[in-house]
Amino acid sequence: MRSILTALLFSGVAVHCHAAVVIQGNASASPREQFGITRLKAVVAQTAALRNEQAAILAGVAGSAVFSGRSEAASPSPEGFRLKRSGSNILIIGNDTTGVLYGCLELARRISAGGALPAALDTEDHPRFVLRGPAIGMQKTTITYDGAIYDYRYTPEEFPFFYDRDHWTRYLDFLLENRMNTLYLWNGHPFTSLLKLPKYPEAQELTDQQLEQNIQMFRWLTQEADKRGIWVIQLCYNIHISHALAKARGIGFHHSSPTPFTSEYMRYCVSEFISNYPNVGLMLTLGEALAPRFGPEWLTQTIIPGVKDGMRKLGTTKEPPIIVRAHATEIEKAMNQAKPLYGNIYTMHKWNGESLTWTGVRGEVRRLHESLVNLGTTHISNIHILANLEPFRWGSPEFVQQAMLSQQKLGIRGLHLYPLRYWDWPVTADRTAVPLKQIDRDWIWYATWARYAWNPQRPPEEERAYWSSRLAEIYGSREAGTKILDAYQAYGVCAPRLLPRIGITEGNRQALSLGMLMTQLINPQRYNAFPLLWLGDAPEGERLAEYVEKEFKHQPHVGETPVGVADEVRAAAEKALTLIEAAGPGVTRNREEYLRLANDIRAVRLLMRYYDAKTRAAALVLRYGLSRDTNDLKQALPLLEQSVAEFRALTALTEQTYREACSVHSGSRRIPMLGGPGLYTHWRDMLPLYEQELAVFRRHIQSGVLSSQSDSNAARPAWPAVSAKVTNGKGEAFQIAPGAKLFSDAPAAAAAVAPELANMTGIRIAAQEARDKGVKLEFELPEPAQILVGFFRTSSRNAAANPPKDEWEPVLFNGVTATGHPAFTVYSHALPAGKSDLDFGRGAYVVLGFVKRTETLVPRMVFTAGAPGDRPDLDWLFEGK
């Protein structure tokens, strides 16, 4: 039961908070207004100086009863407010109920800061971005439910935080403090965790008791969020269906194309969601499982009809909002078809992919943002995953402000913000006795984006003073606050600038903090490098191979260069460390957190030193591919040694400070190594691999395999050949020579061949069959021999066979080049006389001949004259035993 005081407070009758100050609201005040007035009342009650001041505070929506007889202008924008002092009265005039809420909190903030009511006051404020809010993943670091990506049931075992009302209250208050007005919950198929679906009883995935608990919890959460001006939005992926239903029907969990049944089921789910939670938003990932071409059909023929079914159940014509992601679908076509059918629809697109790489966008990324803005609906920018920032603290106000100014200039009107550690919410990866909460550790991450989503147009000098003051409050002195701010700004550019110049992808399949293999630096195409990383999510600049070629040919550079950026971010990290250590004497509060922040900066410094040395080493290796001068490799060796030393120091530091680096523990992570539960998650897991590639590189340099002679093919005799007979009909013999087809069913032909192979008769197979199911080759030898097999590298799955690791040795690196096809490295393996076979599993290969068993095969690098622009395969320099 409400207290008499509370009842009076919202009756429109003046209520005495002290003997002198009264607060008056409307009798019909909404829960949102009531919440703001209650917070303001508490601050007034705690302010001793107000006991002697005569004043009245009036709060309400413009034109409401509380302002009877007054004609005061309000903020012209939704969620805006005006604060005005008129004699002994202070007016809080909201454009709407959220404006009243924000106005009450702003006045409370000013009273707390000044210890009194403002003597003079007439100010207006409103948000420049319509939607501003973070995401929380109802998803985990590993795939736990039937091996299906993104699908998780809402249970206390999977998501204990979902049932923690105290934590939710803290979190929602934190969002309100930062004037965030949206909260996104991500899940593959949330409907069976939040709804009873009587039409499909076999779809139920939880016990009745658990489902009822979830429904009550979700209703409580949305009500608590609503009174704080926060709109909860639930995301689903398409087409994902109930696992229980799929098993009952004998169909898949995920579907790449619509069927009458999946459409009927999902339409029903959406209608039930809308009718049960009319104030909760719905967001859609149309793609990933669903093929992009079906996105428009699914949106217009399943989702929108489902929403309208729900509206009819509610008896309303008011359209609930729908947010449609641009990801993995034909978003422009989908929106053009949807707009005539449904008005209250929004779009969302990633800003820098799944990382933070730049304050702007260009190329196709910019074009798509502009196209979605020009639809005339509200378009939202998605600051997504942040794979390149994990696991460290990050908070550069300058960077964020410039990013939000860029978005505002493009016409973007909403911000969707991922946490710095999405997959492991709500805790951080810090190694502490009690896990740190992200909203405590990463407060500045949220505060910067929220501040500049509210208004990015703020003078730089005022912003510097503001953030210095905020940090001074936390760490105890203005001097410490200023230095810590400068440290944040300095190292804040490191990962964003570096990734586009040398990285493979902005997606969460790369964990930048764990380093990169040399083969990933010198041959990114092998790892399916994503061009939008540098063509859309970064300023104009060069990639490493392009930089090296221009340097070698003495051509001018364009934009940023990899070596230049690697050096600059190393210097920025060095500067940040100097600043954070200089701040130490002035830190009188929260010293433990200061020490953790300082350790983060030390770790980033070591990481940037590692990348700087390794990038320069990689550039010299690539130069060797052009110069054929082994001095380039000899100069690369000490740089690679330095990079390993830096990474070893980084491993020692993080051993004590972090549980792990990355929060993706599934096969989705592939760079630097394929992920999985407990696989390559910490720096200690990667250090042996970097030490191994250094050892292999050093051995190659010392072995004499390399030749610096420009005529390294001259006077090389052909190896003595042995004939062989194919016995199972799976291959055909051919003469090894330039122009010869290398596969029986593909056009790839030899462009250049090492002279050692001149007398060889090879065996070619069908490449497509090898990709699809593998080709087992059977043959017969008249005498003991060494078989020669050509293997190549490609990013296409199952396209190339893998060379065996045991008793097979590479002998001719780049032994055969082929036009429009990767170069072949030739491996040898000893075989007895008689019948033998080859079976490498799936993937193509070519037999390049058989050599007498007594011949000594000296491994070497072959510089053949391949197609224009072809580069030799240099990966072997770092791979092997």
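User: Does Ala 29 count as buried or exposed?

Analyst: This is a predicted model, and Ala 29 sits in the loop between β2 (21-24) and α2 (31-46). Buried means under 20% relative accessible area. The relative accessibility of Ala 29 is 9%, so Ala 29 counts as buried.

User: How many Å apart in space are Ala 29 and Glu 641?

Analyst: In sequence, 612 residues separate Ala 29 and Glu 641. Taken from C-alpha to C-alpha, the separation in space is 69 Å.

User: Which residue meets Arg 82 in a salt bridge, with 3.8 Å from N to O?

Analyst: A salt bridge needs a side-chain nitrogen of Lys or Arg within 4 Å of a carboxyl oxygen of Asp or Glu. At 3.8 Å from N to O, the side chain of Arg 82 meets that of Glu 72. Arg 82 belongs to strand β4 (residues 81-86), while the loop between β3 (55-61) and β4 holds its partner, 10 residues apart from it: Glu 72.

User: Which of these two, Arg 82 or Glu 72, is partly exposed?

Analyst: Under 20% relative accessible area means buried, and over 50% means exposed. Arg 82 has 13%, so Arg 82 is buried. With 24% relative accessibility, the residue that counts as partly exposed is Glu 72.

User: How far apart are the closest N and O atoms in the salt bridge of Glu 593 with Arg 393?

Analyst: Both Glu 593 and Arg 393 are buried. In the salt bridge that they form, the closest N and O atoms are apart by 2.6 Å.

User: How many salt bridges does the count come to?

Analyst: Some salt bridges are linked in a network, which includes Asp 567, Arg 570, Arg 605 and Glu 646. The count of salt bridges comes to 67.

User: Which strand lies between β15 and β24 in the open sheet?

Analyst: Three strands form this sheet, and their pairing is antiparallel. The edge strands, each pairing on one side only, are β15 (725-726) and β24 (834-838). Over two bridges, β15 pairs with residues 777-781, which make up strand β20. The order is β15-β20-β24, and the strand asked for is β20.

User: Which element gives the largest share of the lining of the largest pocket?

Analyst: The largest pocket has a volume of about 2,000 Å³ and is lined by 50 residues, with Arg 793 among those nearest its centre. The elements that give two or more residues to this lining are α18 (518-522), α24 (683-703), β22 and β23 (821-831). The largest share, six residues, comes from α24.

User: How many charged residues are in the lining of the largest pocket?

Analyst: The lining has 23 nonpolar and 14 polar residues. The number of charged residues is 13.

User: What is the angle between the planes of Phe 218 and Tyr 277?

Analyst: Phe 218, in helix α6 (residues 208-227), and Tyr 277, in the loop between α8 (260-276) and β10 (281-288), are 59 residues apart. Phe 218 counts as buried because its relative accessibility is 0%, and Tyr 277 counts as buried because its value is 4%. Their rings form an edge-to-face pair, 4.9 Å centre to centre, and the angle between the planes is 90°.

Notes. Residues are numbered from 1 along each chain as its sequence is written. This is a predicted model: local features need pLDDT of at least 70, side-chain atom pairs count only at pLDDT 80 or more; totals for chains, interfaces and linings use all residues. Side-chain values use heavy atoms; hydrogens and water are left out. Helices (H or I, at least four residues) and strands (E, at least two) are DSSP runs, numbered from the N terminus. Buried means under 20% relative accessible area, exposed over 50%, partly exposed in between (1.4 Å probe, protein chains only). Two strands pair if DSSP finds at least two bridges between them. On a 1 Å grid over the protein atoms alone, a cavity is a set of points where a 1.4 Å probe fits but cannot get out, and a pocket is an open set with protein on both sides within 12 Å along at least five of seven lines; lining residues have an atom within 4 Å of a point. Grid points are joined across faces, edges and corners, and a volume is the space filled by probe spheres set on the points. Ala, Val, Leu, Ile, Met, Phe, Trp, Tyr, Cys and Pro count as nonpolar, Asp, Glu, Lys and Arg as charged, and the others, Gly among them, as polar. Rings of Phe, Tyr and Trp (its six-membered ring) pair if their centres lie within 6.5 Å; planes under 30 degrees apart count as stacked, over 60 as edge-to-face and the rest as tilted.
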